[in-house]
Every structure is written in structure tokens, then in C-alpha cells.
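Welcome! Please take a moment to look over the sequence and the 3D view, and then we can walk through them together.

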Amino acid sequence: MQYIERCMFAAVVSVAGLQLSGCGEQSNYTKIEPAHVEHVEGSKLNSVTLTEKAIERIDLKTAVVRETQVTGESGANVSRKVVPYSSLIYDTHGDTWVYISPAPRKFVRHPVKIDYIEGD
């Protein structure tokens, strides 16, 4: 019986030693930040640049701002820029914003004025 207990003890110590032997090794892991924020010169705004993986993780969708003819208050057709409703952001002061992309993977808040909302 003592022989079996000694063998079990030796096995446990061996396994524990193998697990602990990896603790002192340095990892080759390099941390990559998913976003880089920088101040936009001449404004109170910041821009954010996302990695491709960050864009994939948050399932970011972009849409092209399109210009279309709409009927104005006077009944005449006027040209207006149109964005999806889901791209609108309202801040705590009630101002409305969208994010524009001046460069690939780079986004900056931009103020917009809403004439009216129709569907999405």
C-alpha cells in the first residue's frame, strides 16, 4: 500500500512541477490596442482609428451619404443629403451627430441638422 501511495505522490509532484515550469517563461504575445484616439486639431473633437479586427468584432456598418430630391415645406423639390436613421447620434444637449470616415478605419463625429425623419 505504501508503494502505491509513493507512486501517487510522485505522479502528483511531477504533474505540478510540469505545470509550474511554464510560469517563468516570457510570452511572445504582443498586445494590440483595438482603437487609437487622437485630438482633431482646431476643434474640441477626437478621431478614432479602429483595427480591422475591432471593426469586425463590433460589426461596424458604413453607408454612403446620398443626395436626393425631397419635397420641401413650400412644396417644391429640394436637394437634401440623406443618411440611415441608425447612423444618427443624439448627445446630452440634444445635438445630432453622425460619424464620418475621412480615411480608411478612421472616424470623426460630425454635426448634422435634421429636417425630418422618414422611416429608416
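**A walk through the model**

Let us begin with the sheet: 5 strands build an open sheet, arranged in the order β1-β2-β7-β6-β5, with antiparallel pairing. Because β1 (35-39) and β5 (89-90) stand at the edges with a single partner strand each, one side of each has no neighbour in the sheet. Strands here (E, at least two residues) and helices (H or I, at least four) are DSSP runs, numbered from the N terminus, and two strands pair if DSSP finds at least two bridges between them. In general, the strands of a sheet pair through backbone hydrogen bonds, either parallel or antiparallel.

Before going further, please keep in mind that this is a predicted model, in which local features need pLDDT of at least 70 and side-chain atom pairs count only at pLDDT 80 or more, while totals for chains, interfaces and linings use all residues. Residues are numbered from 1 along each chain as its sequence is written, and side-chain values use heavy atoms, with hydrogens and water left out.

Back in the sheet, you can follow strand β2 (residues 46-50) alongside strand β7 (residues 106-112), which pair in the antiparallel sense over 3 bridges. For one of the contacts to look at, find Val48, whose bridge partner in β7 is Phe107.

Next come the charged side chains. Arg109 lies over the face of Trp97, 4.1 Å from the ring centre; a charge counts as over a ring if NZ of Lys or CZ of Arg is within 6 Å of the ring centre and within 35 degrees of the ring normal.

Side chains of opposite charge can pair when their charged atoms come close. How many salt bridges are found in the whole structure? The search finds 7, where a salt bridge is a side-chain nitrogen of Lys or Arg within 4 Å of a carboxyl oxygen of Asp or Glu.

One of them joins Lys61 and Asp59, at 2.7 Å from N to O. Lys61 is exposed at 65% relative accessible area, whereas Asp59 is partly exposed at 48%; buried means under 20% relative accessible area, exposed over 50%, and partly exposed in between (1.4 Å probe, protein chains only). Elsewhere, salt bridges with shared partners link Arg80, Lys113 and Asp115 into one network.

Another salt bridge brings together Glu33 and Lys31, at 3.7 Å from N to O. Glu33 is partly exposed, with 48% relative accessible area, and Lys31 is exposed at 62%.

Now turn to helix α2, where Lys53 lies. The side chain of Lys53 meets that of Glu56 in a salt bridge of 3.6 Å, N to O. Because they are 3 residues apart in helix α2 (residues 52-57), Lys53 and Glu56 are separated by about one helical turn. Lys53 is partly exposed at 44% relative accessibility, and Glu56 is exposed at 55%. Lys53 and Pro34 are 19 residues apart along the chain, and their C-alpha atoms are separated by 7.3 Å.

Our last stop is on the surface, where Tyr85, Tyr90, Ile114 and Ile117 form a nonpolar patch with about 360 Å² of accessible area together. Patches are made of residues with over 30% relative accessible area and no salt bridge, with like charges joined within 9 Å and nonpolar side chains (Val, Leu, Ile, Met, Phe, Trp, Tyr) within 5 Å. Accessible areas come from the Shrake-Rupley method with a 1.4 Å probe; for residues, only the protein chains shown count as cover.
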